[in-house]
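Hello,

Here is the structure we talked about handing over. Please load it first, then read the notes below.

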Amino acid sequence: MIAFQMLGVAVGWQMYALTSSPLDLGLIGLFQFVPAALLSLVAGQAADRFDRSLLLRLAQIVEAIAALILLITTASGLASREWIFGAAFILGSARAFEGTAFQTVLPVIVI
């Protein structure tokens with residue numbers, strides 16, 4: 001989870017290095033926050049209906065795929081603000097499910 005938090009910060013840095021636009025930097029935060037806010041009820045419903053550990057793993061796989069897309073586009077020189085915004089949206093969506101599933105799995109692990 002720490003690595004994905006670092007990824008969120010790195011995405012902002014990459015966007016600012018690419019565009020030098022404070023507006024684009026702010027939009028990155030918005031693209032990560034809005035899906036998480038909009039999908040929180042859906043994620044809670046999914047955590048109640050499906051296997052929470054599987055949901056947690058799937059969310060982390062989606063986050064890893066988004067990170068891989070960022071890696072490939074950056075290494076190949078194809079990184080653009082649209083790719084970064086898309087990856088930020090995917091990360092925010094996956095974090096909605098990951099956060100909800102993690103909060104419900106943690107008490108079961110501790111008890």
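**What turned up**

Gln 32 lies in helix H2. Keep in mind that this is a predicted model. Gln 32 is counted as buried because its relative accessibility is 16%, under the 20% cut-off. Leaving out residues up to four places away in sequence, Gln 32 touches Gly 8, Val 11, Ala 88, Gly 92 and Arg 95.

**The chain as a whole**

The protein chain has five helices and zero strands. In sequence order the pattern reads α-α-α-α-α. The C-alpha trace spans about 45 × 25 × 20 Å along its principal axes. Of the 111 residues, 33% are buried.

Now the contacts. Take those between residues at least 6 apart in sequence: 81% of them join residues at least 24 apart.

The accessible surface is about 6800 Å². Carbon and sulfur atoms account for 75% of that surface. On the charge side, there are 5 positive and 6 negative charges. Their mean positions are 5 Å apart.

Helix H2 covers residues 22–38, and Phe 33 lies in it. Leu 30 has its place in helix H2 too. Which residues form the nonpolar patch on the surface? They are Leu 30, Phe 33, Val 34 and Leu 38. Together they have about 400 Å² of accessible area.

Phe 33 has a relative accessible area of 54%, so it counts as exposed; the cut-off for that is over 50%. Leu 30 has 43%, so it is partly exposed. Leu 30 also pairs up with a position well along the sequence: Phe 85 is 55 residues apart from it along the chain. The C-alpha atoms of Leu 30 and Phe 85 are separated by 9.6 Å.

**Salt bridges**

Side chains of opposite charge can pair when their charged atoms come close. How many salt bridges does a search of the whole structure find? It finds four.

- Asp 24 and Arg 81: the closest N and O atoms are 2.8 Å apart. This pair links distant parts of the chain, with Asp 24 in helix H2 and Arg 81 in helix H5 (residues 81–110), 57 residues apart. Asp 24 is buried, at 6% relative accessible area. Arg 81 is partly exposed, at 33%.
- Arg 95 and Glu 63: their side chains meet in a salt bridge at 4.0 Å, N to O. This pair also links distant parts of the chain, with Arg 95 in helix H5 and Glu 63 in helix H4 (residues 52–75), 32 residues apart. Buried or exposed? Both Arg 95 and Glu 63 are buried. Salt bridges that share partners also join Asp 24, Arg 81 and Glu 82 into one network.
- Arg 52 and Asp 48: the closest N and O atoms of this salt bridge are 3.7 Å apart. Arg 52 is partly exposed, at 29% relative accessibility. Asp 48 is exposed, at 56%.

**Where to look**

Start at Gln 32, which touches Arg 95 among others. From Arg 95, go to its salt-bridge partner Glu 63. Then view Asp 24 with Arg 81. Finish on the surface patch that includes Phe 33 and Leu 30.

Best wishes

Terms used
Residues numbered from 1 in each chain as written. Predicted model: local features only at pLDDT ≥ 70, side-chain atom pairs only at ≥ 80, totals over all residues. Heavy atoms only, no water. Helix = DSSP H or I, 4+ residues; strand = E, 2+ residues; numbered from the N terminus. Buried < 20%, exposed > 50% of the residue type's maximum accessible area, 1.4 Å probe, protein only. Contact = heavy atoms within 4.5 Å. Areas by Shrake-Rupley, 256 points an atom, 1.4 Å probe, with all protein chains shown as cover. Lys, Arg positive; Asp, Glu negative; His and termini not counted. Charge placed at Lys NZ, Arg CZ, Asp CG, Glu CD. Patch = residues over 30% accessible without salt bridge, like charges linked within 9 Å, V, L, I, M, F, W, Y side chains within 5 Å.
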